[in-house]
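Biologist: I have a model open on my screen and would like to understand the words used for it. Could you walk me through them?

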Amino acid sequence: MSTKSFFTLISLALVLVVLSSSFYIVNQYERAVVLQFGRLIQADVQPGIHFKLPLTDKVRRFDGRLLTADMSTESFFTVENKRLLVDSYIKWRIKNVEAYYKATGGDERLAEDRLSQRVADG
């Protein structure tokens, strides 16, 4: 194999790698945002095939389905001063992807913790 054909093969492989990292797919059950150097540039990307800049853009995907968060057992006292143990769970879904990402940084565990604090206070 000559040097010219070797460099042609390497450059073709490099072009294929760059092209393959330029496209991304958002599934029907996912929500996504596009970040450019960590800054939000596109919120709530629709499902389908999309193009991004390979080195600067990063796609964050989140589950758009109904999610369940199991809360820890809480102890409450009734009016008769009897102890009541309450085991509960939360069903939630991401409605506004931009607000969700800005509030939690895309961390599902942080979102569940914040929701459980609101429910426990209620």
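Modeller: Gladly, and keep in mind that this is a predicted model.

Biologist: Why is Y101 called buried?

Modeller: Its relative accessible area is 15%, and buried means under 20%. Because 15% falls under that cut-off, Y101 counts as buried.

Biologist: Where does Y101 lie, and what does that element lie across?

Modeller: Y101 belongs to helix α2, residues 97–104. Helix α2 lies across β2, β3 and β5, and runs at about 60° to β2.

Biologist: How do you know that β2 and β3 pair?

Modeller: Two strands pair if there are at least two bridges between them. Strand β2 (residues 30–36) and β3 have three bridges, in the antiparallel sense, so they meet the cut-off. L35, for one, has L40 in β3 as its bridge partner.

Biologist: What makes β3 and β5 edge strands?

Modeller: The open sheet has three strands in the order β3-β2-β5, with antiparallel pairing. β3 (39–42) and β5 (57–63) each pair on one side only. On average, neighbouring strands here are turned by 40° against each other, direction ignored.

Note on methods
Residues numbered from 1 in each chain as written. Predicted model: local features only at pLDDT ≥ 70, side-chain atom pairs only at ≥ 80, totals over all residues. Heavy atoms only, no water. Helix = DSSP H or I, 4+ residues; strand = E, 2+ residues; numbered from the N terminus. Buried < 20%, exposed > 50% of the residue type's maximum accessible area, 1.4 Å probe, protein only. Axes fitted to C-alpha atoms, helices over the stretch in contact; angles between N-to-C directions. Contact = heavy atoms within 4.5 Å.
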